[in-house]
Amino acid sequence: MSDAPHIDKAVFTDLDTLSHFWCFKRKAIAATVSRALSNYEKQVGTTVAELKLNHQQQLTYLETEQQAQLQHLNAQHQHDMAQQKQVLTTQINALEAQRIEQNLRNERLVEKVAVLDETITNTQALLSQNQASLHVLEELKQQLDVSHQQLQQDYSQLHHDNLTLSERFALLQSILSAQPSQNAGLEAFRQLLHSDYAAFAAEESSLADEAGALLILQNVLADLEQLNTFPAASGKTVVGVAGGFSSGKSEFINSFIQDKSLKLATGINPVTVIPSFIVYAPDSRICGYAKNGGNVPLSSKLYKALSHDYLAAFGFDLRTVMPTISLQAPMDEALFEHICLVDTPGYNPGAVNRTEAADRSTTLELLTQCSAMIWVIGLDPAGTIAQSDIEFIRQSAFTADDVYVVLNKADVKPQEDIEAIIETVADELLFAGIGYAGMTAYSSTRLTSYATKGCTLDAFLKNHNTRFNTTSAYEEKIDRVFSAYNKALQSDIDNIQLLRVRLKDLQFRTLADSGAKALKELQPVIEFFNPQMADEARLQKLIERSQQLSAAFRTALREAITLTQPGEIAQRSTAFNASLNVLS
C-alpha cells in the first residue's frame, strides 16, 4: 500500500516564512492566512485521509478483483491444461497405438521379407532347375522343329512332285496335240515339194547337185512353217544374246521388257534351257512351239520353271518336242520394233552333262544364223572376259559392226574399276583379233550404263532396228534352184545338138574318105547315140515343167506369206527364218 499524501517540506517552509512575513506586516492577514493554512492543512489532511481511504479501498477492490481474475485464470488455465493434457494424452495414445501397429507391421514385414527371401531362394533354385529343363526343352524343340521342317519339306516335295507331274503331263499333252495354223499356200508349197517336184526330180537327171536343190526347197518349206507358226517375228532382224552361265543374259533382256509380270527366268544356276525368241508387241504372250509347228500358250509360272532340273524330270530332252518358245512383250519401239532377241542357253566350257553340252551346240548354231550378236559378260565373278568367251566369239562369223559387248552387273563395281575393266576387255579383244561395234558397262537391275566405249547400246540397237521382208529372198532361192535345173537341162540339150552335129559331120567325112562300106560300119555307133539324141524333146519338156514348177512354187510362197503377213513388201532377208530353221 502507498504512503498518505503530505506537503513538501520546502513548500511548507516557504509557506511558514510567508506566514511569519505576513504576521509581521499584517498580523491580521497573517492570522487569516494562518487560519487558512490551518484549514488548508486540515482539508489537505482530510483529503489525504480520504484519498488514503479511497486508495486503500481501491487497492482492496483491485486486489479482490485481481484475486477473482487470478482464480478465473487459474481455473481457465487448469481447464485448458486439462483439455490440452487430454488432447495430448489422446494423441500420445494414438501415436503409441500407431507405433505399436507400425511395430507389428514391421514385424510382419520382417516376417514377409524372411518369407520372400526364402521364396526367392527357392525360386532361384527352381529357376535353375527350370533353366536346365528349358534348355532340354529347347533342344527338344529344335529337334522337333527340324523334324517338322523336314516333314514340311517332304510334304511340299510330295505336293510339288504331284503338281509337277500333273503339269508335265498337261504340258506334254498340249504340245503333242497342238496343231499348226491352216495355211493353204503352205499346204500347196508342201504338196508341190513332196509330189510334183519329187516326180520332176525323179524324171530329170541333168542337175548334178540335185540334193542341194532339194535341201534349199526343204529349208524354204521349214522357214514358211516357222513363219506360219510365229508370224510376229517375220521380217525382224534377229539379234542373239549370248554369254556364259550366270552372265545375266536373261536379266539383261528383262531390263527392256516393260511388263513387270512377264520376265525371263533368272538365277545363279543355268535357267535358259529352251531358246526364247523375244519380240515387241503391245500385249504380252508366251507360247511354246511343237515340232509340227503347233503352239501352246504357256503361263509365266510354267515358263520360269523350265530349268535344267525341270527338264531332267521328264526323262528325255523336252526340246525334241518343243524346240522353241516365243515371248511377245511391250518394249521400246524405237529400239525393238523390228528386232527379235534370242535368249540363248548359256554355255559351260567344262560341261559334262548331256543337256548342258547340248546348250553349247545349240547356242553356237543359233548364233551362226543371227544377223547380230550381243555378248554378255558378268562382272560379279572375275570382272574381265574369260578366254573361253574369246574362243566362243571367234567361232561366230560376225563382222565388227554386228558385235556388241555388254559388261553386265556393273553396279557391283566402283566407277574407277569399271573404266579399267573396259580398257582391259578392249585390249583382250584387240589381241584376239575380235572387232566390235561398241562396249558398255551396264546394270540390268538399275537400267543404267556406267561407261561406254565405241557406239552406245541404244545406237547399236537402232542401227539393227530395220524391218526386212522374206518374200524376195525366198523367191531368189526358188529361182536359183530352178535356174540351175534349166541351165543343166539346157546344157544337156546343147550337148545333144552338138552331138548330133558332130555325128552328121562324122558320117559325111567317113563317106567321103572311106566310102559306103565304112559308113555302114559306123552305123552301130550312130544307133548307140540315137536314144540320147531323142531325149532333146523330153529335156525341152522338162525345162517347161521346171518353169511351171518355179512359177507354182512362187505362187504358193506368196500365198503362204500373204496369209501370215498381209501387205508384205518384197525385200532381201532370211535372218529370222534361217535362225528358227536351226531348231527344226
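**Exercise 1. Find which residues Q415 touches once those up to four places away in sequence are not counted.**

Solution. Start with the rule: contact means heavy atoms within 4.5 Å. Leaving out residues up to four places away in sequence, Q415 touches Y450 and A451. Next, look at A451 again: it sits 36 residues from Q415 along the chain, and their C-alpha atoms are separated by 8.4 Å. Q415 itself belongs to helix α11 (residues 415–432). Helices here are DSSP runs of H or I with at least four residues, strands are E runs of at least two, and both are numbered from the N terminus.

A quick word on what you're looking at: this is a predicted model, where local features need pLDDT of at least 70 and side-chain atom pairs count only at pLDDT 80 or more, while totals for chains, interfaces and linings use all residues. Residues are numbered from 1 along each chain as its sequence is written, and side-chain values use heavy atoms, with hydrogens and water left out.

**Exercise 2. Decide whether Q415, E167 and A537 are buried, partly exposed or exposed.**

Solution. First, the cut-offs: buried is under 20% relative accessible area, exposed is over 50%, and partly exposed lies in between (1.4 Å probe, protein chains only). Now take the residues in turn.

- Q415 has a relative accessible area of 32%, so it is partly exposed.
- E167, in helix α2 (residues 27–177), comes in at 28%, so it is partly exposed.
- A537, in helix α15 (residues 536–564), has 49%, so it is partly exposed.

E167 and L302 are 135 residues apart in sequence, with 8.2 Å from C-alpha to C-alpha. For A537 and I493, the sequence gap is 44 residues and the C-alpha distance is 8.6 Å.

**Exercise 3. Work out how helices α3 and α4 each pack against α13.**

Solution. Two packed helices are described by the angle between their axes and the distance between the axes. The axes are lines fitted to C-alpha atoms, for helices over the stretch in contact, and angles run from 0 to 180 degrees between N-to-C directions.

Step one: α3 (residues 184–203) and α13 (residues 471–514) pack at about 10 degrees, with axes 14 Å apart. That makes α3 roughly parallel to α13, since angles under 35 degrees count as roughly parallel, over 145 as roughly antiparallel, 65 to 115 as roughly perpendicular and the rest as oblique. On the α3 side, F189, Y197, F200 and A201 meet I478, F482, Y485 and L489 of α13.

Step two: α4 (residues 210–229) packs against α13 at about 160 degrees, with axes 10 Å apart. Therefore α4 and α13 are roughly antiparallel. The α4 residues in this contact include A213, I216 and L217, and those of α13 include Y474, K477 and I478.

**Exercise 4. Which residues have the most contacts inside the largest nonpolar core?**

Solution. A nonpolar core is a set of buried Ala, Val, Leu, Ile, Met, Phe, Trp, Tyr and Cys residues joined through side-chain atoms within 4.5 Å. The largest one has 41 residues, and F252, F336 and I374 have the most contacts inside it. Leaving aside neighbours within four places in sequence, F336 is in contact with F256, Y280, M331, L341, L461 and N465. Another core lies apart from that largest one, with 37 residues, among them M373, V403, V405 and I421.

**Exercise 5. What percentage of the 584 residues is buried?**

Solution. Buried residues make up 37% of the protein. To finish the overview, count the elements: 16 helices and ten strands.
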